[in-house]
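Trainee: I would like to learn how to read a structure like this one, beginning with a single residue and ending with the whole chain. Could you take me through it step by step?

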Amino acid sequence: MKKRVFDQDVDEDALRVGEPGHAAAGLTGVLVSLQRSREQMGVGRTVRTLPLINQRAGFDCPGCAWPDPQAADGDRRKPAEFCENGAKAVAEEATTRRIGPDFFARHSVAELAERTDYWLGRQGRLTQPMILRRGDGHYRPIGWDAAFDVIAENLASLGSPDEAAFYTSGRTSNEAAFAYQLMVRCFGTNNLPDCSNMCHESSGVALKDTIGIGTGSVSLADLEHADLVLVLGQNPGTNHPRMLASLERVKRRGGRIVAVNPLPEAGLYRFKNPQRPSGIVGRGTALADEFAQIRIGGDLALLRALTGLLAQAEDAAPGTVLDRAFIGAHTHGFAEFFDQARRIDWTATERATGLERRQIERIARMLMDSERTVVCWAMGLTQQKQGVATIREAVNLMLLRGMIGKPGAGVCPVRGHSNVQGDRTMGIYERMPESFLEALEREFGVTVPREHGVDTVEALHGMHDGRIRALFAMGGNFAAATPDTEATERALRGCALTVHVSTKLNRSHVVPGETALILPTLGRTERDVQRSGEQFVTVEDSMSVVHASRGRLRPAGERLLSEVAIVSRLARRLLGADHPVRWEEFERDYDVVRDHIARVVPGCEDYNRRVREPDGFVMPHPPRDSRTFPTETGRANFTVNVPEPIEVPDGRLLLQTLRSHDQYNTTIYGLSDRYRGIEDARRVVLVNDGDIAALGFADGDLVDLVSEWPDPRGGVEERRARRFRIVSYPTAPGCAAAYYPEANPLVPLGAVADRSNTPVSKAVVVRLEPHADAD
């Protein structure tokens, strides 16, 4: 029986729970990939499309940013160079389903707002620009020229350019991102929030503090030749499945893997590589040599203990543990760091981590024995209040053993969305350095603002305060990606103008401003033909490789424009025909954009030639390339980071939000989280058996999740997410987990990580209350 309006299309009572999986991929992954592709694209289109994913003559997967094998490293790409979730992402984009004006005529915005994200995403590709005018209940078709006129008129009517925010999703190409940030800065603002603000901003802040550059220092070959890989706060089996093949190579070369996670994830146990016969019919490859089931928020305490154990071992046998030559030649702040590192409070460490001392000591011994160590992390670290401090401590661990700028070693923030790193390289950032802004002015003969803009959370605060009255979103799903859902939706509805450049329908379209537009765009998989001929775009992966992506499919509709075309045409309307930037040339030939990129963006010299190389090129990284550290001290910085344990009152749990195996970011592909044994429902909360009993509940009970946050006045601020089903799951004791975006309402806008302003979605104090079903 369907219970509430938000569940009209998903029967949450159909929940089925089985045993969690103990291996990732295998034959099931192959079959699911083919099944979902056939459902969305049909057999013929599936056969034509899947072999093009991540191939040199094909298109870059629109899912995650995991790098492709490089010929220079002796690696050959396989015919199926994609994972299950990559196939799902491509099938969603290349679907044969369409949404035209008749769909919006049948469905009012109010009706669509009652549908789930899953239902909205399954309706198909958008094919026509649509507008919702003030007072209307339905979106109506509009021509492109008229749409650009409406947007330009609304933006021009603002009291200041700073009253608009221009959001960017990671799927945006380098060419579109560069043109977009240029248009925004020529308009007069640096308000360029992006999806990085929601995920890896803590990584960028921490890495700039410590090594001087906000990107990782390893290549795919480095990772695969490591003696030891630490995987912290990451679930590669679901979020970056192709990483499992790299971890398998680590194991086959004799390396070891340590997994640190509050949940036992199938992909951290065993990988059944579908490219190998043993992955189809055998048991696959065991991955984690050590699984540390850490308490949520305990990562800094663990890393602090590990650095302390290395320091103590060096004290006991001077010159045998630490890389003293590297430390002396390339680092700053070692003495202060080392003095505090050697002191370990084991009582506090065990309480914060939930781990036994002997396991932490085993991991420390593995670090001491390794000559080549890579540390990887994802949002399990970045979305903590102390996310920046935690990552800085991970860098300390690497610096002690000289693991930066060494083959087979380094730091590896595993970025989520494809090209999220490239967008930042192209200038999608509210605080770009002066050198970049000066280069823009020299290149184009324009004047751009210097006052820092707003990030995503600051943009939402600005919408609430009335300081920001317009949002233009280049891709993404702003409403579902951001925290504090009720406040976010209220903020969006309070805007005078909201514009979303999208391939498919999502939650943000049904939370409109007074005037709202949907601009349909080409997908990564589709041919992009402009006046000069067929175009390609470029992207940058998680390991700083910039390469080409060429769409091969026929566009979903005749009225679609590319992102570059949308930006170029809007810029001409907004900035005037006499503007010094040749916007019409940007649209006509993307080589023109790339020529400008080459002269503006450091490391992108000779861009057009280099991206035409079969594997593209690697962005420069001074710490990796020459052990040169562009910090204020001119060296890699040791830092002192003090754990601040999260106090959880009696009767409460510490909750993290996470993805189902059947979703990517906010896109819900289906209702099967098979690695966790959960089918046909999403409003579930995973809780340890012992905690269920201690709290007086039973497996399967319906509850409301109530988050508790310190109030500035000294009280407690609460948020409520209703009607979740308790599922017994082997989480770390005292911890719980729930899917986002369903659990996003539990995180207030003010709950952010220190310094990075990233929402704290991985450490939410909650209580469970019996759900009183009004139905």
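Trainee: Is Thr49 buried or exposed?

Mentor: Buried means under 20% relative accessible area, exposed over 50% and partly exposed in between, with a 1.4 Å probe and protein chains only; Thr49, at 0% relative accessibility, therefore counts as buried. Please keep in mind that this is a predicted model, in which local features need pLDDT of at least 70 and side-chain atom pairs count only at pLDDT 80 or more, while totals for chains, interfaces and linings use all residues. Residues are numbered from 1 along each chain as its sequence is written, and side-chain values use heavy atoms, with hydrogens and water left out.

Trainee: Which residues does Thr49 touch, not counting residues up to four places away in sequence?

Mentor: A contact means heavy atoms within 4.5 Å, and on that basis Thr49 touches Met41, Phe59, Val90 and Leu553. Thr49 is found in helix 2, residues 43–49, where helices (H or I, at least four residues) and strands (E, at least two) are DSSP runs numbered from the N terminus. The side chain of Thr49 also reaches the backbone oxygen of Arg45 at 2.6 Å.

Trainee: How should I read the spacing of residues along a helix, and how many residues of helix 29 are buried?

Mentor: An α-helix has 3.6 residues a turn, so residues three or four places apart point the same way. Helix 29, residues 590–600, is mostly covered, with eight of its 11 residues buried, among them Tyr590, Val593, Ile597 and Val600.

Trainee: Where is Ala288 placed?

Mentor: Ala288 is in the loop between strand 11 (285–286) and strand 12 (290–292), and with a relative accessible area of 24% Ala288 is partly exposed. Leaving aside residues up to four places away in sequence, Ala288 touches Ile257, Ala259, Leu268 and Tyr269.

Trainee: What does the protein as a whole contain in helices and strands?

Mentor: There are 32 helices and 34 strands in the protein. The radius of gyration, taken over C-alpha atoms, is compared with a globule rule of 2.2 Å times the number of residues to the power 0.38; here the value is 25 Å, close to the 28 Å that the rule gives for 775 residues, so the protein is as compact as a globular protein of that length. Of those 775 residues, 66% count as buried.

Key
Polar contact = N/O pair within 3.5 Å; in protein donor to acceptor, adjacent residues only side chain to side chain.
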